[in-house]
Amino acid sequence: MANLVNFEKHGSIGLITVDNPPVNALSVGVPQGIMDGVNAGETDSGIAAIVLRGAGRGFIAGADINEFLNPPPPGSASLFDVLNCFENCKKPVIAAVHGNALGGGLETALACHYRCGTAEAVYGFPEVLIGILPGAQGTQRLPRICGVEKALPLMVSGEFVPAKNALALGIIDKIIDGELLEGALAFAEQIVAERRPLRKIRDETAVAPAEGFFEDFEKSIAKRARGYLAPYKIIECARAAVALPFEKGVERERELFGDCLKSDQSKGLMNLFFGERTCTKIPDIPRDTPTQKIASAAVLGAGTMGGGITMNFVNVGIPVTILEMSQEALDRGLEIIRKNYANTVKKGRLSQEQMDACVSLITPTLSYDDIANADIVVEAVFEDMDIKKEVFRKLDGIMKPAAILATNTSTLNVNEIANVTQRPEMVIGTHFFSPANVMKLLEVVRGERTKKEVIATVMQLGKTIKKVPVLVGVCDGFVGNRMLARYSKQAYQMVLEGALPQDVDKAVFDFGLAMGPFAMGDLAGLDVGWRIRKRRAAENADIEDDAGIDDQICEMGRYGQKTNAGWYKYEPGSRVPIPDPEIERLIIEYCEERQIRRRQIGHQEIVDRCIYALVNEGAKILEEGMALRASDIDVIYANGYGFPRYRAGPMLYADMVGLDKVYDAIRGYHEQYGDIWEPAPLLRHLAEQGKKFSDL
């Protein structure tokens, strides 16, 4: 038997324990070890039933994702062999679950004759999140257990099912109160004593759903599944479970699984899966770097951003003192926080008791003295260097020596802010994304003098507050906004050349982005970028003082959704952008005054120029060391900028297109448009060497 799996006798019950840390993945050796255990139990006349469990923190996490990309050696036992082994066993096989039974782990459990688990265990098929489907008979067994109407939403969403719900659905047969091993052995003895039949899910019938169910379900997921392949392949599998015998349904599942696995979408989603786990690994900051305990926090500013940041902390039980300069601003900010929570309660995603607990952790104040003992303070005031410097001078004078001083700036120089304090080593950037209580990305900005312990603490804190933290360097706009400036510049340039805002937005939306650059600008607030442009113009005399169309729109008092008008117009209370003839007239007049000849611009050109602008700037960022890895950039764009996850991010997308093709296109743009399209040397080098960003 493989060392990864152990077998032992507990009276008349054989116990198979999978011990493949950290998550008991079904990697090479584990399937054979499980089969050896089943054979040992079946051939031992003193054993009446067999219990399967996982060691450590969980049952079986499922297949090792690396093996999707790098298949195991020929001849190795597979999960399918294990499933057949269970079903052919002449003695009851009982899965005993604690922790997670996900993906292949749940498929393993479903092939057992019975299932039990702890009250804390969770179950699910999250494969859709990496662009594939449950490919080891899961799409055929789950509908037979709990019906297609309940099984399909679980498979398409990747939702985790708690034990109580799993029992109600029939996924498990018993919840164990107390110690799992003792309870599972007792359950196995009960099955033997009661002479229960060897239940095989494959022999049960998946009852056909109501007429029109599948069509209605497809319509219900159309918005959130836009552009994705796997959800619709899972629906086809569910149809097969209803219409075909088990073996034929399994054949169809394998065929559709192969379609998913061979797609660029699964490659993109899997690479993003790994990227989100790699981004917390920092070469010069070892895993054992000491971190500070963050037991309390302070937030400066009760505006939209400050309120959202506050919610992140209190959601995980960290009390926050929130500081404002006036009682009116403080009251307004607290009311917005309460409304945000109340909306979540109304939608059923939070209980009133949970809301009350979160709100009770917020202490409002108008005095700096009340935040002095916080472990971390996050500044979320107006995006103005002079204001932020003044704030940090005050913080330096009032905060305890061990406090971390964090700035939520989106573009300003963190080093310049840090240098106004006597403790620049304690200053760091924490760039949250709006709305901060919703968006997952957190750019952690490393100053030139920031201590490693501070970086390690904030990266860990990012995970604690359920963000995806990515370390970046100090430059104008850091990584995400620096690249976005190039993307937005191309979108704006194409409006000058002949496209309309809605043309650009539709092209990138059809490509898969959550929204186009002009709709996104209206959502974020056009006045934010306007202030940044004015600041840069004041700092750089070489910038031409010629108000662009976007500046003129702001001068008209059109700041986006907040004023019901920006690039688009909006009905009061609506977020739906409506193309505005007034903006079209403004664009045409602007171009005529400057003798700009407009032309028709196709959707593919719009997509290429917008996305390749991201890629080229991303390559420059990598050369400069502002991002540690190409995958870090992809993580930033997938989690903070609405880049379609199934394309992973701009850098992997460029890899899949081919860097030689991307480089050739950028060279052509350089010849046509000048220095703004100067190819990044790293891009040129990789293209000429036939390499990819993922090779770095």
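**Charges.** I began with the charges of this predicted model. The protein carries 79 positive and 93 negative charges. I compared their mean positions and found them 3 Å apart.

**Surface.** Next I looked up the accessible surface, which comes to about 30200 Å². Carbon and sulfur atoms account for 50% of that area. I then checked burial: 54% of the 696 residues count as buried.

**Fold and dimensions.** I counted secondary structure and got 29 helices and 19 strands. The radius of gyration is 28 Å, close to the 26 Å from the globule rule for 696 residues, so the protein is as compact as a globular protein of that length. Along the principal axes, the C-alpha atoms fill a box of roughly 90 × 60 × 50 Å.

**Contacts.** I took the contacts with a separation of 6 or more. Of these, 72% join residues 24 or more positions apart.

**Cores.** Which residues touch the most other members of the largest nonpolar core? I noted Ile 371, Leu 395, Ile 549, Trp 567, Ile 611, Leu 683 and Phe 693, out of 100 residues in that core. Helix H25, residues 603-624, gives the most to this core, with 11 residues. I also found a second, separate core of 66 residues. Val 128, Phe 214, Ala 225 and Leu 256 are among its members.

Key: Residues are numbered from 1 along each chain as its sequence is written. This is a predicted model: local features need pLDDT of at least 70, side-chain atom pairs count only at pLDDT 80 or more; totals for chains, interfaces and linings use all residues. Side-chain values use heavy atoms; hydrogens and water are left out. Helices (H or I, at least four residues) and strands (E, at least two) are DSSP runs, numbered from the N terminus. The radius of gyration is taken over C-alpha atoms; the globule rule is 2.2 Å times the number of residues to the power 0.38. Buried means under 20% relative accessible area, exposed over 50%, partly exposed in between (1.4 Å probe, protein chains only). Contact means heavy atoms within 4.5 Å. Accessible areas come from the Shrake-Rupley method with a 1.4 Å probe; for residues, only the protein chains shown count as cover. Lys and Arg count as positive and Asp and Glu as negative; His and the chain ends are not counted. The place of a charge is taken as NZ of Lys, CZ of Arg, CG of Asp or CD of Glu. A nonpolar core is a set of buried Ala, Val, Leu, Ile, Met, Phe, Trp, Tyr and Cys residues joined through side-chain atoms within 4.5 Å.
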